[in-house]
Amino acid sequence: MQYGMIIDLDRCVGCHACAVACRAEWEIPIQYARNWLRRLGPANTPHGLAATYYPGLCNHCQQPACVEVCPADPVNMTFKDAKTGKTKTMEVAATWKDPFNGTVQIDKKRCIGCGACADACPYGARYVNPDLADDDSEGKADKCTYCMPRVATGLQPACVQTCLAEARIFGDLDDPNSNVAKYVKKGAVGLTSKNVQIGPNTRYIGNKKDMALLMTQAPQEMPEANLRRTMLADMLKPVGRQMKNIGLAGLAGTLLVKTLAEDEKE
Amino acid sequence: MAMNLTRRNLLKTASLAAASVPLSKVVAKAETGIAKVPLIPPGSFKKTKTVTGGVCEMCFWRCQLVGKVRDNRLIKLEGNPKSIDNGLNLCARGNSGIKLVYDPDRLKYPMKNIGKRGAPKWKKISWEEALDTCAAKLQATIDKYGPKGIGVWYHGASAHYPTAYFEYLGVPNMYEPAFYQCRGQTAMAMMQTLGFVPNEDVDMANSKAMLLVGCHLGENIHLSHVKNFLKGLENGSKLVVVDPRFSASAAKAHIWVKIKPGTDTAFLLGLMNYMLGKGCYNKSFVDKHCLGLNKLKTHVAEWSIEKTAKECDIPGKQIVEVAELLCEHAPHVAVHPGRHAAWYGNDFQRVRANACLTALLGAIDCPGGIVQIKRMSTGHVHWPKVEHEEDPEDMALAEMEEKYPFRPPGTPPELMRETMVTGKPYPIKSMVIWGTNSIKTMPNQEETMKALANMDFIMVTDVSPTDITMWADILLPEACYLERYDHIEKGTQWNQSDKPQQFVAARMPLVEPMFERKDSVWMINELARRMGHEKDIPVKNQEEFVDHMLKEADLSIAKLRKLDGIYIQEGESPYLKKGDEPEFGTDSGKIELYSEAMDDEDFPPLPTYTRTEEPPKGYARMIYGRSPVHTFNRTANNAWLSREVPENPLWLNDESAKKMGIKDGDRVSLENQAGKRSAGSTVVKVTPGIRKDCVFIAHGFGTFNPAMTVGYNKGIDDNSLNTKINREGETGISGMRINFVRIIKNGKTINIPG
Amino acid sequence: MEMKGDSHKHKTVEPDESESLADIFAFLALLVRYPDISFFDNEFLDTLEILLTRLNLEKSCLKISIWRNSVEDPLLDAQLEYTRLFINAVPHVIAPPYASVYQDGDFSLQGKTTEKIRNFYRQHGFDVVVSTQPADHIQFELEFLSYIYRQGQFDVGDYFLSTFFVPWFEKFLQKISEELRHPLYRVSLQLITYFVKEEQ
């Protein structure tokens, strides 16, 4: 099973509902987004004048660049197939590709918030969420989960449910009878380029001119892994708490107490 | 010195011994907001409750909602699963409603302005004091000038009960922007021609061709309307979009007619001339149902393909192509009636042309055409009819001046504004402004400010501190659409070819209002009590108000609650059955291609094109439209929506931009023909998707009230540049697309080559 | 939440200290509550002056004293300024005194932070009752601290201060600082700042 999403540009009207419903569903800090929409054109394409949209989200790739760079200590984790109940145990860091449903997920407890995965994603689908900061980190990596907690209770992902255009279709790409698989047969493709071929499972379909415009948004290069940053993050883990305390102690009592003292001196 | 001590150490020093500072005595006097309660096990609040009964008002399409509420905190809004209109879907604005509810800039308490109008100083006052003041001031105006001394500007569902009260008081002049800056002509010209107001009941889903003239569905998101449009495309309907700009609709069109702004009526006349000349119009329909065909034929004869092409600056063959396409698919052609029509000040005639074209195609009451959708009916709440010394109908300004015979309901805003300034024919000295930001909606803001300065008293009710609230003497905070009862939404399943169903949904609160926000029924009843009208109060509270309206449909709030907010019953197809004849509510009972009534009032009885003024050299026409995530200026302060679309890029033709040395993403502001400059700035979108003789910005940006902290000064306020208006004689509605701009970049003015 | 209120962990506290601190926080809460006639009287302002004097802040005390005597109606004057700073104003409401506005990034009431703070109150046996205001209003947070300190739960109070109160209060101060001209509110917020200062 491989969950995937199709975005039909012939239907999309660029209303931004997907992005906002996602924000509401997961209370995403305003500076970040799991779901975004870029308005493209009107611009000339080889196939004529076009205006379309780039509704983007995590691609839950076949070869996810974010997973392998995670420096968190690996642990053995047992996965369960929701359908068959079959289990599989594998060694994973704090982010992995689920062997049964194909989604890429994050363990917020073990994530150290170093941001290496966010750097590694050519689509910019990840961010470090400061709301999830704990004693050992400044935040945790966060991104689209394909709404797995919703899907588990029988709901559609929030962006799919709200889409008035029915431009977003979610399902199992491995099931040839699924709508998503049918769209792939009809020519839905991922946002890839010569140098970025990691098997995105969010795919787009549309007329030639719109697709030409959309493809201008495909990342052209894989980001260079920032090893130094990863190592640094790893080294700093134990002192995180200490640093945070220092930061907090410095907060209060500086700004205004000083003015109070100065007021007194006047 | 004490500054070096920590608080704990400080407490140990003798100086703060409890006895020496009488803290406990002072704090014991005041009641606190916190009290000890049993410990609730952590986790129980994590589950949300689904509250049904919401009706959206982020725009005026009024989708049906449910709220996900946890601990009395609204977490998320979703489409009501029972809805046969929007279904589970919501647009970006609908999803963002919670940010309106919880906007900290919202009005919270009644306030009194103890500063100046326009530069207020607010004192929080009690409801008692606020209502006493409003009642006394309004009564003083009535005593001195009669009820005609009061004027009302209003908008939205919450204003229904208040306007009913002011009607009862005998107030003759009320103005609603929904008519006078938006849909007025569409409604009135359709009425005059077809004898009914189709609104936007056009069956795009089942059409074989669609014609949108200056209508950009997709940027204008009315949810089930867009579903309807997309269904049409899915079903293979051929889309024609007539627009100077490659809009969201044009991007999906089969034919984009890149028309010169202001020439739409000529285009429609050209289409009709071609059809009448070729005889490819719907003869049987026209013969049976239309009056004045021959007169129309003669009238449009001058609009040859060549002349039309030249006037509209489009290829002649495109006109032929469109005309042939529409005729080929008649009557299953969705000629969209349009919505906002106040463009050039000659718009009544354009809508008439649109209606005549629809009639020539016979595209009425059939699949794909304009349809008369059969909705359930509900009741109204009225105050008792009372005799007034002066009949309010006679005292209405438009009536007294014998102007604007085809005006929509209410008084044309500029007419009221002039009276407020001049005191002629009688003084208007008190204003009640309910839920409308008239500074923004009416063109020529300086005049509005002058009129307001002249008032004895101004009372404003709103949800947020919009620009107009700065002019209030008393400012009243209203519960928003998710916190109150008011509107009854009635409709059908969104696709008319599906099994016919009808629904009724009443707006019911999803959460309690915070602070001291109140609903309009409470406010008006309290006001009425103070003005001595207690015995005539028709409903006790908002629940009774809604129940009263529901009663006619044999429904109640209690019943609707049990039905998860929506009542659904079997409906009736709007398509004519075989053998049935359509009915038209005109004087003649037929579609009036030629209008006797218009002739009687000395207006052109056949749809007539008048040229609009050309941009002066160095300027381009400023055209405006919608952003899909904003409802005019109302949503400018919504943090989520502002994040999605923070400002309104200026669309500028790529070839012009090149000559001007302007690049995509440059930051610019605008100056209009009168030298008026925009307060804000925006980025340029350089694109081949717009003509050279115009630029485009979305409406609703550039908020100038700094209290709106999110939206303040983001983008350009198009309306601030609409210093020139063209008021049409038929309706008194002002066209606004007759203003021209050039660009200011880095302080330097740059002409736009034509 | 890590705090479970393990009572053995509480530092031993002299009863006097606990009561004094509780009284101080209750008083601070009053300073940021909408001034109304029920508590805002001469005695209240006298107490403020005495407190300032005891803290050796004679000049601040003098400012309060001068202000009281220079305005016709200190209550009205305080109300106007409170409205401008914290409720609604033109040019804009200066600094809505709610944690979520500063912590949740989207300038909103009733945010995630509000929920977290209310849950914290509840875990420790308190809740906001009879109010149409969100639970993270500065007044309620200070009142909560007062109750907690009165119970001698210094570690709970300190945890609340460092985890919930100080992070938003710091941003709140930044937002308000340029507009903080009124002697009463300038001194009030300075006092709060002083009393939430972390132990070194």
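## Bend in helix 8 of chain C

In this predicted model, helix 8 of chain C bends by about 50° at Phe165(C), the bend being the angle between axes fitted to the seven residues ending there and the seven starting there, and Pro167(C) follows within four residues. Helices (H or I, at least four residues) and strands (E, at least two) are DSSP runs numbered from the N terminus.

## Open sheet in chain B

Three strands of chain B form an open sheet in the order 17-18-19 with antiparallel pairing, two strands being paired if DSSP finds at least two bridges between them. Strand 17 (488–492) and strand 19 (566–570) are the edge strands. Strands 17 and 18 (residues 501–506) of chain B pair over five bridges, and Gly491(B) stands opposite Phe503(B).

## Contact between chains A and B

In chain B, 28 residues are in contact with 28 residues of chain A, a contact requiring C-beta atoms, placed from the backbone, within 7 Å. Helix 3 (92–95), helix 8 (223–234) and helix 24 (639–644) of chain B each supply at least two residues of that side.

## Conventions

Residues are numbered from 1 along each chain as its sequence is written, while chains are lettered from A and ligands numbered from 1 in the order in which they are written. As the model is predicted, local features need pLDDT of at least 70 and side-chain atom pairs count only at pLDDT 80 or more, whereas totals for chains, interfaces and linings use all residues.

Methods:
Contact = placed C-beta atoms within 7 Å.
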